[in-house]
Amino acid sequence: MFSKFSLLLTLFSASAFGSYEGAEKLYGQGTISLSGYRRTIIELINGGYYYSVVPWMKDFLVKNNAPLDSEMEEALDEMLEHTGVKVFESLPDQILKRSNSANIHYIMGKRLMNREKFREALVELNRVPVGHSAYPFTSHMKGVVHSALGQNKEAMTDFNDCIRSSDKAAGKANSDSLKSQLEANRDYCLTGMGRVQFAANDFKQAELNYLDISKDSYVWPQILFEEAWTSYYLKNYNRTLGKLVSYKAPVFDFIFKPEIEVLKALTYLKMCLYDDAKKTVDAFYGDLLTPSTDLRRFLLTNGKNYRYYYELVADHESGKTMPLPILDQLLKAIRKDPAFIELKGSMAGAIGEHNQLRKNSNGSMKANLSKNIQTVVDEYRNTMGAYVRSGLTSRYAELYAAFQGMSYIKLEVLAQRKEKLYQSDAQPGQKRGDVQYIQRNDKQYFWTFTGEFWADELGDYVFALRSEC
């Protein structure tokens, strides 16, 4: 097929420069105008060579001191629709501000939010127009920013807007990957609504909102923990324990959340079940003290060697034995993260374009574009490695915080311990649990537990323990 790309090659071959390499050399000497470089980039993007042109687009943004014209903005936006925004997040602020692309405003908003410059972030995010592909994700980010500013009413408006726009965009998505991202974004916004209500101490409404998240959502296994905290603040401790016991199911073997055991021990402490609290603390120390020490040493040893972490997760995907047993569970969690999946998909797109380039093109420009794609693939690998390292580091931080919490609980158990549970007023042979201690709302139903973990029961278990306080 005679594509725009092959037309471009023909034009370059017939030009006075004789080859793209010559044109590139002359451009570097200032002989070729920046407008000629701009035209090359636009033609490549129009021809569907999105990944091939990424390094040149970055170079153009750096060297072009003026704001981008409308045609170049459109080309940049089209490219980012395919490559994702990650490959441009490393550029300095002053370079990114030369573009009025909605995707660039999204990047700037995210960057400012992470710096806790919330009002400046809102200015950037408000520049993303309704109907743009980045809008559903922008709405979620705006909700998070308004929530951080304590503007709960505005946050709820944003989250509702996010839910509507995500559902609408998911219905039109042209790939399963994009549809999954939009569905996860919608559920993050449902979560955001629950968090706003939780922060406002409206625990009843937060509980109802959390229950609207489907159990087949990527978000739900993580949110189950937040549901448990909501029940805890409602003093419905039996339901807290019931939520947490779901994490014992084999289907959740990828979940690594040390706070689960901390909340469990804290709940037993609140119910004055001191033996249970102590056993939970002791088991936590026994299971995770050595692995946490090993993980810290592992992270310090490998530092910021991102290529190593990329190869580590690649080895994990291929079923190779990990350097530490704890890494198996941690990497399972990271690999299921939508952001990691998006990065992996983008890198696969770049590799696919490279293969297509080798089949359908020839001439001097091919080598330059192949080199460009290799640069992009290497950048994705480094970004994925950095993401893996960041995930492992944050999980070590969670472990460290959990040990601090467990130390407090351990001291409280020692200070408050009373008579053993079965030395209280319980009669010999009396059952420990009783249905009379179970509370439920209008979205929760009761049935008798009959055996092992069942998929449709996960998250709905409830204990029936009497407080010993």
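**Close-up 1. Q416 and the residues around it.** Leaving out residues up to four places away in sequence, Q416 touches L269 and Y274, where touching, or contact, means heavy atoms within 4.5 Å. This is a predicted model, in which local features need pLDDT of at least 70 and side-chain atom pairs count only at pLDDT 80 or more, while totals for chains, interfaces and linings use all residues. Residues are numbered from 1 along each chain as its sequence is written, and side-chain values use heavy atoms, with hydrogens and water left out. Q416 belongs to helix α20 (residues 364-416). Helices here are DSSP runs of H or I with at least four residues, strands are runs of E with at least two, and both are numbered from the N terminus. Along the chain, Q416 and Y274 are 142 residues apart, yet in space their C-alpha atoms are 8.0 Å apart. Is Q416 buried, exposed or partly exposed? With a relative accessibility of 32%, Q416 counts as partly exposed. For these words, buried means under 20% relative accessible area, exposed means over 50%, and partly exposed is in between, using a 1.4 Å probe and protein chains only.

**Close-up 2. The protein chain as a whole, for orientation.** Let us step back for a moment. The protein chain has 20 helices and 0 strands. Of its 469 residues, 47% count as buried. Take the contacts in the protein chain between residues at least 6 apart in sequence: 67% of them join residues at least 24 apart.

**Close-up 3. Helix α7 against helix α8.** Here α7 and α8 pack at an angle of about 170 degrees, and their axes are 8 Å apart. Therefore α7 is roughly antiparallel to α8. The axes are lines fitted to C-alpha atoms, for helices over the stretch in contact, and the angles run from 0 to 180 degrees between N-to-C directions. Angles under 35 degrees count as roughly parallel, over 145 as roughly antiparallel, 65 to 115 as roughly perpendicular, and the rest as oblique. Which residues make the contact? From α7 come H105, Y106, M108, G109, L112 and M113, and from α8 come F118, E120, A121, E124 and L125. Sorted by class, this contact of α7 with α8 has 7 nonpolar, 2 polar and 2 charged residues. In this sorting, Ala, Val, Leu, Ile, Met, Phe, Trp, Tyr, Cys and Pro are nonpolar, Asp, Glu, Lys and Arg are charged, and the others, Gly among them, are polar.

**Close-up 4. Two residues of helix α8.** Start with E124, which sits in helix α8. E124 is buried, with a relative accessible area of 10%. Setting aside its neighbours within four places in sequence, E124 is in contact with H105, M108, G109 and L112. L122 also lies in helix α8 (residues 118-125). L122 is buried, at a relative accessible area of 10%. Not counting residues up to four places away in sequence, L122 touches K142, V145, H146 and L149.

**Close-up 5. Helix α7 beside helix α9.** Now follow helix α7 (residues 102-114) to helix α9 (residues 135-148): the two pack at an angle of about 25 degrees, with axes 11 Å apart. That angle makes α7 roughly parallel to α9. On the α7 side the contact is made by Y106, G109, K110 and M113, and on the α9 side by F137, T138, M141, V144 and V145. The residues of this contact of α7 with α9 divide into 6 nonpolar, 2 polar and 1 charged.

**Close-up 6. The disulfide of C162 and C189.** A disulfide, meaning a pair of cysteine sulfur atoms within 2.5 Å, joins C162 to C189, with an S to S distance of 1.9 Å. By this rule the count comes to 1 disulfide. The pair links distant parts of the chain, 27 residues apart: C162 is in helix α10 (residues 152-172) and C189 in helix α11 (residues 176-199). What is the hand of the disulfide? The torsion about the S-S bond of C162 and C189 is about 80 degrees, so the disulfide is right-handed. C162 is buried, with a relative accessible area of 0%, and C189 is buried, with a relative accessible area of 0%.
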